[in-house]
2 protein chains.
Amino acid sequence: MIDLTPVSVDVLALRFDPDERAVLIGVAPRAAEPFLGEQALPGVLLGKGERLRDAAVRAVSSKLGLPAGAVTATGQLATFDEPSRDPRGPTLSIALWATLSTGGGDVRWSPLASVPPLAFDHDRIVAACRPMLADKLWRDVAFSAGLMGREFTTAQALDVTEALTGDRPYPANLGRSMERLPGLRRTAEHAAALPKGGRPPSMWRWEDS
Amino acid sequence: MIDLTPVSVDVLALRFDPDERAVLIGVAPRAAEPFLGEQALPGVLLGKGERLRDAAVRAVSSKLGLPAGAVTATGQLATFDEPSRDPRGPTLSIALWATLSTGGGDVRWSPLASVPPLAFDHDRIVAACRPMLADKLWRDVAFSAGLMGREFTTAQALDVTEALTGDRPYPANLGRSMERLPGLRRTAEHAAALPKGGRPPSMWRWEDS
DNA sequence: ACAAAAGTGTTACGAATACACCCATGT
DNA sequence: ACATGGGTGTATTCGTAACACTTTTGT
């Protein structure tokens, strides 16, 4: 019988903050050795028979202190298998994304653009997964809907796109991209204008289904 | 201490057969219960500290009877976590692709278009991974080079594309696509014409680097 | 000569991008 | 009125697909 490799599920827990106009990733200081006190992605050991999504939710609630219901969607990113990534011994890390609806919790919410140094190989994981996340926006419906919430404005969509891809599209072009997304509809109402004035952006809503 | 989930690495072992003009996937009958005697993807339990690539090579050599050197490249596809996928109990399956240079072995080489019924949820794994493989062709250099070999003809590239994507591109257009691939060069020589006659196709070679 | 199959050049189409201009709001 | 910023319409660009025509082989 071969010794089994422990599997940890490490979560890129993402949230869009409309006030800060930024996409934030949730990290928390480690409560145990190794790397005690250092910031890390929320992660748990995968239990026997546990689904990856359930483990991701468990990581978010136990490590970030958020209710399970705050997780709006999850999905796979990649698996990291460097044997030396954990000083306690070889551990597989399966990286998932999770989108969250609420802030708060015992969490440091860090803008994606400026993630602090993290424990283990989590810096490397974030760096490797960033382009995958940018690729999912406005392509993976579950990810986009989970991140934006049920209803949002064009202005917010612009902010999120800029946060994930690095540059800000023309509002007109982004609107046309979103119109091609299945399940997303431009509503009749308009949002209130931004503090600085300007034309109020139109609103978008995911069809309930 | 939580019970650990065993991790198996299941391999989509691919080979291009220029004579059959088909992309073949290697499957072998299971040597033990459960599903004794039924065809299955080559897979092994991941050892402690073992890299995914090494486990994939081990699966190919132990289950398909091919030398380790026959594996030209490997890569990740996706992870399957249904707890009931193995009747012995919950097991995680990480699916990898591997490209092979040689045939033979104790293997049933099955055309990708007509894979026989497989043990476990391997049918589902193959179905889910097929589009990912098609997507990698002429985009993922390691995959394309591993599958085609160091040197190949336009005619073979057409055959492989048809096998993976389902339709045959115009030779001219495929040539232009390949010219855009980094590391791939059209050589001066020409191959011998095909049995039925016709203009001999030009040859392509990956730059050694 | 004819058939078969690859290659060349060109055209057509569509998605993504860019931008000039219009509209709605706050100050 | 003016500044701010989203929306509309349109032009441009680029990658892909399509196809007529040419080239090179076998029979």
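Predicted model: local features only at pLDDT ≥ 70, side-chain atom pairs only at ≥ 80, totals over all residues.

Trainee: How many residues does the contact take from chain B and chain A?
Mentor: 24 residues come from chain B and 24 residues from chain A.

Trainee: And what area is buried there, between chain B and chain A?
Mentor: About 2400 Å². Carbon and sulfur atoms give 61% of that.

Trainee: How many salt bridges are there between chain B and chain A?
Mentor: Two. A:Asp81 and B:Arg51 meet in a salt bridge, at 3.0 Å, N to O. There are also eight residue pairs in polar contact between chain B and chain A.

Trainee: Which parts of chain B touch chain A?
Mentor: Helix H1 (52-64), strand E5 (71-80) and strand E6 (92-100) of chain B each supply at least two residues. That side of chain B has 12 nonpolar, five polar and seven charged residues.

Trainee: New topic. How is chain A divided?
Mentor: Into domain 1 (7-136) and domain 2 (150-206). Their C-alpha centres lie 27 Å apart. The contact takes eight residues from domain 1 and seven residues from domain 2.

Trainee: What area is buried between those domains of chain A?
Mentor: About 720 Å², with 64% from carbon and sulfur atoms.

Trainee: Which side chains meet in a salt bridge there?
Mentor: A:Asp159 and A:Arg21, at 3.0 Å, N to O. On the domain 1 side, helix H2 (residues 122-136) of chain A gives the largest share, three residues. That side divides into six nonpolar, no polar and two charged residues.

Note on methods. Residues numbered from 1 in each chain as written. Chains lettered and ligands numbered in written order. Heavy atoms only, no water. Contact = heavy atoms within 4.5 Å. Buried area = accessible area lost by both parts, 1.4 Å probe. Salt bridge = Lys/Arg side-chain N within 4 Å of Asp/Glu carboxyl O. Polar contact = N/O pair within 3.5 Å; in protein donor to acceptor, adjacent residues only side chain to side chain. Helix = DSSP H or I, 4+ residues; strand = E, 2+ residues; numbered from the N terminus. Nonpolar A, V, L, I, M, F, W, Y, C, P; charged D, E, K, R; others polar. Domains from an automatic or database assignment.
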